[in-house]
Amino acid sequence: MWKDSTKADKAAELMQMVPQALLKQGIIEGIIPESEKHQQTCKNIEQILLKRLNKLQKLSPNQLLANRKNVIESFKEDNMGNILTGKKIVVMGVANKRSIAWGCAQMMAEQGAQIIYTYQNSRMKKSLQRLVDDEDQLIECDVADDESIEQAFTTIKKRFTKVDGIVHAIAFAKKEELAGSILGASRKGYAIAQDISSYSLIAVAKVANQLNLLNNPASIVTLTYFGSERAIPNYNVMGIAKAALEASVRYLARDLGQKRIRVNAISAGAVKTLAVTGIKGHDDLLKMSQARTVDGEDVTISEIGNVCAFLMSDLSTGVTGDTIYVDKGVHLI
Ligand SMILES: NC(=O)c1ccc[n+]([C@@H]2O[C@H](COP(=O)([O-])OP(=O)(O)OC[C@H]3O[C@@H](n4cnc5c(N)ncnc54)[C@H](O)[C@@H]3O)[C@@H](O)[C@H]2O)c1
(Lines give C-alpha, C1' and ligand atoms only; values in the text may rest on other atoms or scores of the structure.)
Protein backbone atom coordinates (compact mmCIF):
# COMPACT_ATOMS: atom_id res chain seq x y z
CA MET A 1 0.00 0.00 0.00
CA TRP A 2 2.80 2.42 0.93
CA LYS A 3 5.42 3.09 -1.78
CA ASP A 4 7.61 5.23 0.44
CA SER A 5 8.62 3.39 3.64
CA THR A 6 9.87 6.54 5.43
CA LYS A 7 6.54 8.10 4.85
CA ALA A 8 4.81 4.99 6.16
CA ASP A 9 6.97 5.02 9.32
CA LYS A 10 6.25 8.66 10.00
CA ALA A 11 2.55 8.15 9.48
CA ALA A 12 2.57 5.13 11.81
CA GLU A 13 4.38 7.15 14.46
CA LEU A 14 1.89 9.94 14.07
CA MET A 15 -1.03 7.55 14.28
CA GLN A 16 0.25 6.06 17.53
CA MET A 17 0.47 9.51 18.95
CA VAL A 18 -3.10 10.54 18.22
CA PRO A 19 -5.08 8.54 20.78
CA GLN A 20 -2.55 9.46 23.48
CA ALA A 21 -2.91 13.10 22.63
CA LEU A 22 -6.67 12.78 22.78
CA LEU A 23 -6.43 11.07 26.14
CA LYS A 24 -4.25 13.88 27.45
CA GLN A 25 -6.72 16.45 26.24
CA GLY A 26 -9.42 14.57 28.15
CA ILE A 27 -11.56 14.11 25.05
CA ILE A 28 -12.19 10.46 25.72
CA GLU A 29 -11.11 10.49 29.35
CA GLY A 30 -13.74 9.26 31.81
CA ILE A 31 -15.28 6.71 29.47
CA ILE A 32 -12.09 4.67 29.09
CA PRO A 33 -12.20 2.69 32.38
CA GLU A 34 -15.44 0.89 31.55
CA SER A 35 -14.40 -2.04 29.43
CA GLU A 36 -17.46 -2.20 27.20
CA LYS A 37 -17.17 1.47 26.31
CA HIS A 38 -13.42 1.11 25.97
CA GLN A 39 -13.98 -1.43 23.25
CA GLN A 40 -16.47 0.86 21.54
CA THR A 41 -14.03 3.76 21.81
CA CYS A 42 -11.25 1.62 20.33
CA LYS A 43 -13.52 0.62 17.47
CA ASN A 44 -14.33 4.27 16.81
CA ILE A 45 -10.64 5.19 16.94
CA GLU A 46 -9.80 2.39 14.53
CA GLN A 47 -12.41 3.57 12.04
CA ILE A 48 -11.33 7.18 12.31
CA LEU A 49 -7.67 6.23 11.97
CA LEU A 50 -8.38 4.28 8.79
CA LYS A 51 -10.17 7.30 7.37
CA ARG A 52 -7.29 9.59 8.40
CA LEU A 53 -4.74 7.14 7.01
CA ASN A 54 -6.22 7.49 3.54
CA LYS A 55 -5.88 11.25 3.71
CA LEU A 56 -2.39 11.10 5.22
CA GLN A 57 -1.06 8.89 2.44
CA LYS A 58 -1.31 11.94 0.22
CA LEU A 59 1.09 13.99 2.39
CA SER A 60 4.89 14.03 2.35
CA PRO A 61 6.79 13.02 5.59
CA ASN A 62 7.66 16.67 6.24
CA GLN A 63 4.10 17.79 5.71
CA LEU A 64 2.99 15.07 8.09
CA LEU A 65 5.30 16.20 10.86
CA ALA A 66 4.55 19.87 10.32
CA ASN A 67 0.84 19.14 10.52
CA ARG A 68 0.77 17.11 13.73
CA LYS A 69 -1.39 19.64 15.54
CA ASN A 70 -3.86 19.97 12.69
CA VAL A 71 -4.11 16.21 12.35
CA ILE A 72 -5.00 15.90 16.03
CA GLU A 73 -7.52 18.72 15.74
CA SER A 74 -9.16 17.17 12.70
CA PHE A 75 -9.21 13.82 14.50
CA LYS A 76 -11.10 15.55 17.28
CA GLU A 77 -13.59 16.97 14.79
CA ASP A 78 -14.09 13.57 13.15
CA ASN A 79 -14.88 12.11 16.56
CA MET A 80 -17.61 14.62 17.29
CA GLY A 81 -20.97 15.49 15.86
CA ASN A 82 -22.48 18.93 15.75
CA ILE A 83 -26.21 18.71 16.35
CA LEU A 84 -25.81 20.81 19.52
CA THR A 85 -23.19 23.29 18.37
CA GLY A 86 -23.79 26.66 20.04
CA LYS A 87 -26.31 25.27 22.56
CA LYS A 88 -26.02 25.75 26.32
CA ILE A 89 -27.63 23.02 28.39
CA VAL A 90 -28.19 22.73 32.14
CA VAL A 91 -27.68 19.20 33.47
CA MET A 92 -29.13 18.48 36.92
CA GLY A 93 -28.24 15.28 38.78
CA VAL A 94 -24.65 14.18 38.18
CA ALA A 95 -23.59 12.30 41.34
CA ASN A 96 -20.63 10.50 39.74
CA LYS A 97 -19.43 9.01 36.46
CA ARG A 98 -22.06 6.29 36.62
CA SER A 99 -24.94 8.79 36.73
CA ILE A 100 -27.33 8.88 33.80
CA ALA A 101 -26.93 12.67 33.90
CA TRP A 102 -23.19 12.22 33.26
CA GLY A 103 -23.90 10.04 30.21
CA CYS A 104 -26.24 12.78 28.95
CA ALA A 105 -23.67 15.52 29.60
CA GLN A 106 -20.91 13.58 27.84
CA MET A 107 -22.93 12.74 24.76
CA MET A 108 -24.29 16.28 24.47
CA ALA A 109 -20.79 17.75 24.82
CA GLU A 110 -19.66 15.42 22.04
CA GLN A 111 -22.34 16.99 19.88
CA GLY A 112 -20.94 20.46 20.57
CA ALA A 113 -23.03 21.63 23.55
CA GLN A 114 -21.70 23.70 26.43
CA ILE A 115 -22.83 22.06 29.68
CA ILE A 116 -23.76 23.80 32.93
CA TYR A 117 -24.04 21.45 35.93
CA THR A 118 -26.18 21.78 39.04
CA TYR A 119 -25.44 19.69 42.14
CA GLN A 120 -27.50 18.93 45.24
CA ASN A 121 -25.04 19.80 48.03
CA SER A 122 -21.35 20.20 48.88
CA ARG A 123 -20.81 16.42 49.01
CA MET A 124 -22.08 16.11 45.43
CA LYS A 125 -19.97 19.12 44.43
CA LYS A 126 -16.79 17.32 45.53
CA SER A 127 -17.74 14.32 43.46
CA LEU A 128 -18.59 16.48 40.44
CA GLN A 129 -15.31 18.38 40.72
CA ARG A 130 -13.52 15.12 39.89
CA LEU A 131 -15.23 15.22 36.52
CA VAL A 132 -15.51 18.93 35.72
CA ASP A 133 -12.82 21.48 36.56
CA ASP A 134 -14.41 24.76 35.50
CA GLU A 135 -16.01 26.25 38.65
CA ASP A 136 -18.16 28.62 36.57
CA GLN A 137 -20.02 25.62 35.19
CA LEU A 138 -20.95 24.29 38.65
CA ILE A 139 -23.98 25.66 40.52
CA GLU A 140 -25.66 24.39 43.69
CA CYS A 141 -29.36 23.54 43.46
CA ASP A 142 -31.31 21.54 46.04
CA VAL A 143 -34.68 20.91 44.38
CA ALA A 144 -36.33 20.32 47.78
CA ASP A 145 -35.95 24.05 48.42
CA ASP A 146 -37.63 26.75 46.28
CA GLU A 147 -35.10 29.37 47.35
CA SER A 148 -32.22 27.17 46.26
CA ILE A 149 -33.85 26.64 42.83
CA GLU A 150 -34.41 30.36 42.42
CA GLN A 151 -30.84 31.21 43.45
CA ALA A 152 -29.38 28.57 41.16
CA PHE A 153 -31.31 29.66 38.08
CA THR A 154 -30.70 33.35 38.79
CA THR A 155 -26.97 32.56 38.87
CA ILE A 156 -27.30 30.63 35.60
CA LYS A 157 -29.10 33.62 34.06
CA LYS A 158 -26.34 35.99 35.24
CA ARG A 159 -23.52 33.78 33.98
CA PHE A 160 -25.00 32.44 30.75
CA THR A 161 -27.93 34.85 29.87
CA LYS A 162 -29.98 32.23 28.01
CA VAL A 163 -29.92 28.45 27.79
CA ASP A 164 -31.32 26.01 25.24
CA GLY A 165 -32.26 23.14 27.49
CA ILE A 166 -32.52 21.55 30.92
CA VAL A 167 -31.92 17.88 31.74
CA HIS A 168 -33.65 16.89 34.98
CA ALA A 169 -32.13 13.60 36.18
CA ILE A 170 -33.13 13.71 39.82
CA ALA A 171 -35.05 11.32 42.05
CA PHE A 172 -35.18 10.42 45.71
CA ALA A 173 -37.17 8.19 48.07
CA LYS A 174 -36.30 7.01 51.55
CA LYS A 175 -34.69 3.58 51.58
CA GLU A 176 -37.46 2.12 53.77
CA GLU A 177 -40.02 3.08 51.10
CA LEU A 178 -38.17 1.06 48.46
CA ALA A 179 -38.73 -2.36 50.02
CA GLY A 180 -41.59 -4.82 50.37
CA SER A 181 -45.25 -3.95 50.05
CA ILE A 182 -46.79 -0.61 49.00
CA LEU A 183 -49.04 -1.11 52.03
CA GLY A 184 -46.03 -0.13 54.12
CA ALA A 185 -45.80 3.32 52.48
CA SER A 186 -45.93 6.22 54.91
CA ARG A 187 -47.64 9.57 54.20
CA LYS A 188 -44.32 11.37 54.64
CA GLY A 189 -42.30 8.90 52.55
CA TYR A 190 -44.85 9.15 49.73
CA ALA A 191 -44.76 12.96 49.87
CA ILE A 192 -40.95 13.14 49.79
CA ALA A 193 -40.75 10.85 46.75
CA GLN A 194 -43.36 12.98 44.95
CA ASP A 195 -41.72 16.24 45.96
CA ILE A 196 -38.15 15.45 44.87
CA SER A 197 -38.84 13.08 41.99
CA SER A 198 -41.89 14.67 40.38
CA TYR A 199 -42.85 18.14 41.61
CA SER A 200 -39.23 19.32 41.23
CA LEU A 201 -39.58 19.19 37.43
CA ILE A 202 -42.49 21.65 37.60
CA ALA A 203 -40.62 23.79 40.14
CA VAL A 204 -37.56 24.02 37.89
CA ALA A 205 -39.60 24.71 34.72
CA LYS A 206 -41.55 27.41 36.60
CA VAL A 207 -38.43 29.30 37.69
CA ALA A 208 -36.73 28.96 34.28
CA ASN A 209 -39.91 30.32 32.68
CA GLN A 210 -40.26 33.24 35.15
CA LEU A 211 -36.65 34.24 34.51
CA ASN A 212 -37.18 33.96 30.76
CA LEU A 213 -34.06 31.81 30.75
CA LEU A 214 -34.96 29.47 27.91
CA ASN A 215 -34.38 30.24 24.26
CA ASN A 216 -36.92 29.74 21.48
CA PRO A 217 -36.85 26.83 20.70
CA ALA A 218 -35.73 25.02 23.84
CA SER A 219 -36.08 21.57 25.34
CA ILE A 220 -36.60 20.07 28.79
CA VAL A 221 -35.90 16.38 29.35
CA THR A 222 -36.53 14.33 32.47
CA LEU A 223 -35.70 10.71 33.33
CA THR A 224 -38.38 8.20 34.17
CA TYR A 225 -38.69 4.43 34.59
CA PHE A 226 -41.04 1.65 33.51
CA GLY A 227 -42.08 1.24 37.18
CA SER A 228 -44.56 4.05 36.44
CA GLU A 229 -46.68 1.58 34.44
CA ARG A 230 -45.93 -1.81 35.96
CA ALA A 231 -45.76 -2.91 39.59
CA ILE A 232 -42.02 -3.54 39.77
CA PRO A 233 -40.90 -5.30 43.01
CA ASN A 234 -39.85 -2.83 45.74
CA TYR A 235 -40.08 0.25 43.47
CA ASN A 236 -43.33 1.29 45.21
CA VAL A 237 -43.63 5.05 45.93
CA MET A 238 -41.03 5.78 43.28
CA GLY A 239 -43.18 4.08 40.60
CA ILE A 240 -46.10 6.29 41.66
CA ALA A 241 -43.84 9.38 41.58
CA LYS A 242 -42.66 8.44 38.07
CA ALA A 243 -46.29 8.14 36.89
CA ALA A 244 -46.89 11.67 38.23
CA LEU A 245 -43.66 12.84 36.59
CA GLU A 246 -44.79 11.53 33.18
CA ALA A 247 -48.16 13.28 33.61
CA SER A 248 -46.31 16.49 34.59
CA VAL A 249 -44.36 16.22 31.32
CA ARG A 250 -47.61 16.27 29.35
CA TYR A 251 -49.06 19.27 31.23
CA LEU A 252 -45.78 21.19 31.02
CA ALA A 253 -45.54 20.44 27.29
CA ARG A 254 -49.04 21.86 26.85
CA ASP A 255 -48.32 25.05 28.81
CA LEU A 256 -44.83 25.79 27.50
CA GLY A 257 -45.62 24.93 23.89
CA GLN A 258 -46.53 28.50 22.95
CA LYS A 259 -42.97 29.50 23.75
CA ARG A 260 -41.70 26.57 21.67
CA ILE A 261 -40.31 24.85 24.75
CA ARG A 262 -40.60 21.08 24.39
CA VAL A 263 -40.90 18.78 27.39
CA ASN A 264 -40.22 15.05 27.16
CA ALA A 265 -39.25 12.11 29.33
CA ILE A 266 -36.75 9.36 28.61
CA SER A 267 -37.81 6.07 30.13
CA ALA A 268 -34.40 4.52 30.71
CA GLY A 269 -33.62 0.86 31.22
CA ALA A 270 -32.13 -0.21 34.55
CA VAL A 271 -28.55 0.97 35.09
CA LYS A 272 -26.49 0.43 38.24
CA THR A 273 -26.23 3.93 39.70
CA LEU A 274 -26.15 5.34 43.22
CA ALA A 275 -29.93 5.90 43.15
CA VAL A 276 -30.62 2.28 42.17
CA THR A 277 -28.62 0.87 45.08
CA GLY A 278 -31.30 2.34 47.39
CA ILE A 279 -33.86 -0.17 46.06
CA LYS A 280 -34.09 -3.44 47.97
CA GLY A 281 -32.96 -6.36 45.79
CA HIS A 282 -31.56 -4.02 43.15
CA ASP A 283 -29.18 -6.73 41.92
CA ASP A 284 -32.18 -8.90 41.00
CA LEU A 285 -33.87 -5.94 39.34
CA LEU A 286 -30.76 -5.29 37.24
CA LYS A 287 -30.41 -8.98 36.31
CA MET A 288 -34.10 -9.26 35.39
CA SER A 289 -33.84 -6.15 33.28
CA GLN A 290 -30.71 -7.33 31.47
CA ALA A 291 -32.32 -10.70 30.72
CA ARG A 292 -35.25 -8.90 29.07
CA THR A 293 -33.32 -6.62 26.74
CA VAL A 294 -33.58 -7.68 23.10
CA ASP A 295 -29.89 -8.58 22.91
CA GLY A 296 -29.23 -9.57 26.53
CA GLU A 297 -26.98 -6.52 27.04
CA ASP A 298 -27.76 -3.65 29.40
CA VAL A 299 -28.48 -0.23 27.98
CA THR A 300 -25.54 2.13 28.65
CA ILE A 301 -25.58 5.70 29.94
CA SER A 302 -24.04 6.75 26.60
CA GLU A 303 -26.99 5.26 24.72
CA ILE A 304 -29.38 7.12 27.01
CA GLY A 305 -27.24 10.25 26.58
CA ASN A 306 -27.41 10.03 22.79
CA VAL A 307 -31.21 10.10 22.86
CA CYS A 308 -31.04 13.01 25.27
CA ALA A 309 -28.76 14.81 22.77
CA PHE A 310 -31.35 14.21 20.04
CA LEU A 311 -34.17 15.53 22.25
CA MET A 312 -32.11 18.63 23.03
CA SER A 313 -31.37 19.24 19.37
CA ASP A 314 -33.46 20.98 16.73
CA LEU A 315 -33.89 17.57 15.10
CA SER A 316 -36.66 16.92 17.64
CA THR A 317 -38.75 20.11 17.35
CA GLY A 318 -41.77 17.94 16.50
CA VAL A 319 -41.58 15.84 19.67
CA THR A 320 -43.19 17.06 22.88
CA GLY A 321 -45.13 15.70 25.86
CA ASP A 322 -43.83 12.23 25.11
CA THR A 323 -42.06 9.40 26.89
CA ILE A 324 -39.31 7.81 24.80
CA TYR A 325 -38.08 4.37 25.87
CA VAL A 326 -34.33 3.88 25.90
CA ASP A 327 -34.31 0.46 27.52
CA LYS A 328 -33.33 -1.87 24.68
CA GLY A 329 -36.86 -3.21 24.50
CA VAL A 330 -37.38 -4.25 28.14
CA HIS A 331 -40.84 -2.62 28.12
CA LEU A 332 -41.92 -4.81 25.19
CA ILE A 333 -41.77 -8.10 27.01
N1 LIG B 1 -30.55 4.00 37.17
C2 LIG B 1 -31.63 3.52 36.61
O3 LIG B 1 -31.81 2.31 36.43
C4 LIG B 1 -32.71 4.47 36.15
C5 LIG B 1 -33.66 4.01 35.22
C6 LIG B 1 -34.62 4.89 34.77
C7 LIG B 1 -34.67 6.18 35.26
N8 LIG B 1 -33.73 6.59 36.18
C9 LIG B 1 -33.80 7.98 36.66
O10 LIG B 1 -32.66 8.68 36.26
C11 LIG B 1 -32.48 9.80 37.10
C12 LIG B 1 -31.01 9.88 37.53
O13 LIG B 1 -30.73 8.82 38.44
P14 LIG B 1 -29.44 7.90 38.34
O15 LIG B 1 -29.92 6.51 38.23
O16 LIG B 1 -28.51 8.41 37.34
O17 LIG B 1 -28.84 8.00 39.81
P18 LIG B 1 -27.80 9.01 40.49
O19 LIG B 1 -27.79 8.61 41.91
O20 LIG B 1 -26.52 9.02 39.78
O21 LIG B 1 -28.49 10.43 40.31
C22 LIG B 1 -29.54 10.87 41.12
C23 LIG B 1 -29.31 12.34 41.35
O24 LIG B 1 -30.41 12.94 42.03
C25 LIG B 1 -29.87 13.97 42.80
N26 LIG B 1 -30.80 14.44 43.83
C27 LIG B 1 -31.47 13.72 44.76
N28 LIG B 1 -32.14 14.56 45.58
C29 LIG B 1 -31.89 15.83 45.15
C30 LIG B 1 -32.26 17.13 45.59
N31 LIG B 1 -33.03 17.31 46.68
N32 LIG B 1 -31.82 18.21 44.91
C33 LIG B 1 -31.00 18.06 43.83
N34 LIG B 1 -30.61 16.86 43.37
C35 LIG B 1 -31.03 15.75 44.03
C36 LIG B 1 -28.63 13.32 43.42
O37 LIG B 1 -27.75 14.30 43.95
C38 LIG B 1 -28.07 12.61 42.22
O39 LIG B 1 -27.16 13.43 41.53
C40 LIG B 1 -33.48 9.62 38.24
O41 LIG B 1 -34.65 10.37 37.96
C42 LIG B 1 -33.79 8.14 38.17
O43 LIG B 1 -35.04 7.81 38.73
C44 LIG B 1 -32.76 5.76 36.61
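In the protein chain, 74% of the contacts with a separation of 6 or more join residues 24 or more positions apart, a contact being a pair of C-beta atoms, placed from the backbone, within 7 Å. The model is predicted: local features need pLDDT of at least 70, side-chain atom pairs count only at pLDDT 80 or more, and totals for chains, interfaces and linings use all residues. Residues are numbered from 1 along each chain as its sequence is written. The secondary structure comprises eleven helices and seven strands, taken as DSSP runs (H or I, at least four residues, for helices; E, at least two, for strands) and numbered from the N terminus. Of the 333 residues, 38% count as buried, that is, with 20 or more other C-beta atoms within 10 Å of their own, C-beta atoms being placed from the backbone.

Met107 counts as buried because it has 24 C-beta neighbours inside 10 Å. Beyond its neighbours within four places in sequence, Met107 contacts Ser302, Gly305, Asn306, Cys308 and Ala309. Val307 is 200 residues from Met107 in sequence, yet their C-alpha atoms are 8.9 Å apart.

Helix α5 also turns up at the ligand: α5 and β5 (214-224) each supply at least two residues of its shell. Of the 27 residues around the ligand, Ser99, Ala171, Leu223, Thr273 and Ala275 come nearest, where a residue is near if its C-beta atom, placed from the backbone, lies within 6 Å. The shell has 21 nonpolar, five polar and one charged residues, with Ala, Val, Leu, Ile, Met, Phe, Trp, Tyr, Cys and Pro counted as nonpolar, Asp, Glu, Lys and Arg as charged, and the others, Gly among them, as polar.

With helix α7 (residues 146-160), the angle is about 40° and the axes are 10 Å apart; axes are lines fitted to C-alpha atoms over the stretch in contact, and angles run from 0 to 180 degrees between N-to-C directions. Here Asp146, Ile149, Glu150 and Phe153 of α7 meet Ala203, Val204, Val207 and Ala208 of α8. These contact residues divide into six nonpolar, no polar and two charged.

The axes of α8 and helix α9 (residues 236-256) come within 8 Å and cross at roughly 20°. Residues meeting there include Tyr190 and Leu201 in α8, and Met238 and Leu245 in α9. This contact comprises twelve nonpolar, six polar and one charged residues.

Terms used
Buried ≥ 20, exposed ≤ 12 C-beta atoms within 10 Å, placed from the backbone. Contact = placed C-beta atoms within 7 Å.
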